[in-house]
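Me: Please examine the structure below with me, with attention to its aromatic rings.

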Amino acid sequence: MKQEELQAIASQLKHPSGEKGIEMGNMMNETNINMTKHSILNLNMSNENRILELGHGNAGHVEFLFEQAEKLKYYGLEMSELMFQEARQINRNFVSQKQAFFSLYDGNAVPFEDELFDKIFTVNTIYFWQKPEELLSEIYRVLKPNGNFCLTFAEEDFMKKLPFTQFEFELYSTEKAQELIKKSDFKIVYTETQTEEVKSKTGELVERAFTTIVLEK
Ligand SMILES: C[S@@+](CC[C@H](N)C(=O)[O-])C[C@H]1O[C@@H](n2cnc3c(N)ncnc32)[C@H](O)[C@@H]1O
């Protein structure tokens with residue numbers, strides 16, 4: 001594949017847009033669903049919890065999230081206008097019932113008041129965080145005391161073999177993510193790495209190692 005094509009894949013993963021973006025949103029949701037479900041399940045949601053997700057893509061997994069407990073409220077934040085629109089469309093019933101709320105933000109300042117959420121999660125976004133320490137402290141700020149944040153990402157050793165990650169991506173190993181977390185006020189309560197077989201963005205089947213870190217305020 002040419003360098004320009006690889007760069008285009010990286011840009012779409014970072015910020016889905018245009019005609020290709022809808023396709024990319026569908027493909028991401030499908031390929032990453034196991035990571036997303038794993039992140040959701042690690043939050044151990046209780047009835048009436050208010051949940052925040054950063055970088056939901058097309059949010060095809062929100063129905064699964066609502067199956068985890070009664071009377072949940074889901075808030076999704078995106079930087080991509082296209083994913084924001086797609087997520088609202090796919091989840092239009094939850095939106096009209098005021099169970100799901102979607103917003104755009106700048107990727108740095110979380111547009112919510114302090115201590116609003118019981119649980120927060122994000123999957124496959126850390127590679128694109130512009131100011132990781134600041135975003136982590138924003139996540140801490142909007143989480144209730146004793147609330148959990150689940151951070152899920154594919155491991156650097158796996159990601160660096162994919163040709164498009166040379167563009168746009170900041171890759172993380174478990175150790176590097178833990179170093180970042182140590183600079184915050186969060187406690188790490190659980191870390192798990194597992195492998196799964198997935199189709200890569202360039203078509204071939206690959207063994208992917210991914211990590212989930214559960215943090216507590
Ligand atoms: C690789 S996709 C992952 C989507 C979905 N979470 C998944 O795992 O399939 C990254 C998504 O995060 C969004 N994004 C990038 N940087 C972000 C940030 N700082 N905060 C929130 N979302 C971000 C992008 O617009 C894109 O939709």
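The questions and answers that follow concern aromatic rings in this predicted model.

Me: How many aromatic pairs does a search of the whole structure find?
Reply: Two rings are counted as a pair if their centres lie within 6.5 Å. With the whole structure searched, the number of aromatic pairs is twelve.

Me: Are the rings of tyrosine 75 and phenylalanine 101 stacked or edge-to-face?
Reply: The ring centres of tyrosine 75 and phenylalanine 101 are 4.7 Å apart, and their planes meet at 20°. Planes under 30 degrees apart count as stacked. The pair formed by tyrosine 75 and phenylalanine 101 is therefore stacked.

Me: How many residues apart are tyrosine 75 and phenylalanine 101?
Reply: Tyrosine 75 belongs to strand 2 (residues 73-78), while phenylalanine 101 belongs to strand 3 (residues 100-104). The pair thus links distant parts of the chain, and the separation is 26 residues.

Me: Is tyrosine 75 buried or exposed?
Reply: Tyrosine 75 has a relative accessibility of 14%. Buried means under 20%. Tyrosine 75 therefore counts as buried.

Me: Are the rings of phenylalanine 112 and phenylalanine 117 stacked or edge-to-face?
Reply: Their centres are 5.1 Å apart, with the planes at 85°. An angle over 60 degrees counts as edge-to-face. The pair of phenylalanine 112 and phenylalanine 117 is therefore edge-to-face.

Me: Which residue lies over the face of tyrosine 140?
Reply: A charge sits over a ring only if it is within 6 Å of the ring centre and within 35 degrees of the ring normal. At 4.7 Å from the ring centre of tyrosine 140, the residue over its face is lysine 217.

Technical notes:
Residues are numbered from 1 along each chain as its sequence is written. This is a predicted model: local features need pLDDT of at least 70, side-chain atom pairs count only at pLDDT 80 or more; totals for chains, interfaces and linings use all residues. Side-chain values use heavy atoms; hydrogens and water are left out. Rings of Phe, Tyr and Trp (its six-membered ring) pair if their centres lie within 6.5 Å; planes under 30 degrees apart count as stacked, over 60 as edge-to-face and the rest as tilted. Helices (H or I, at least four residues) and strands (E, at least two) are DSSP runs, numbered from the N terminus. Buried means under 20% relative accessible area, exposed over 50%, partly exposed in between (1.4 Å probe, protein chains only).
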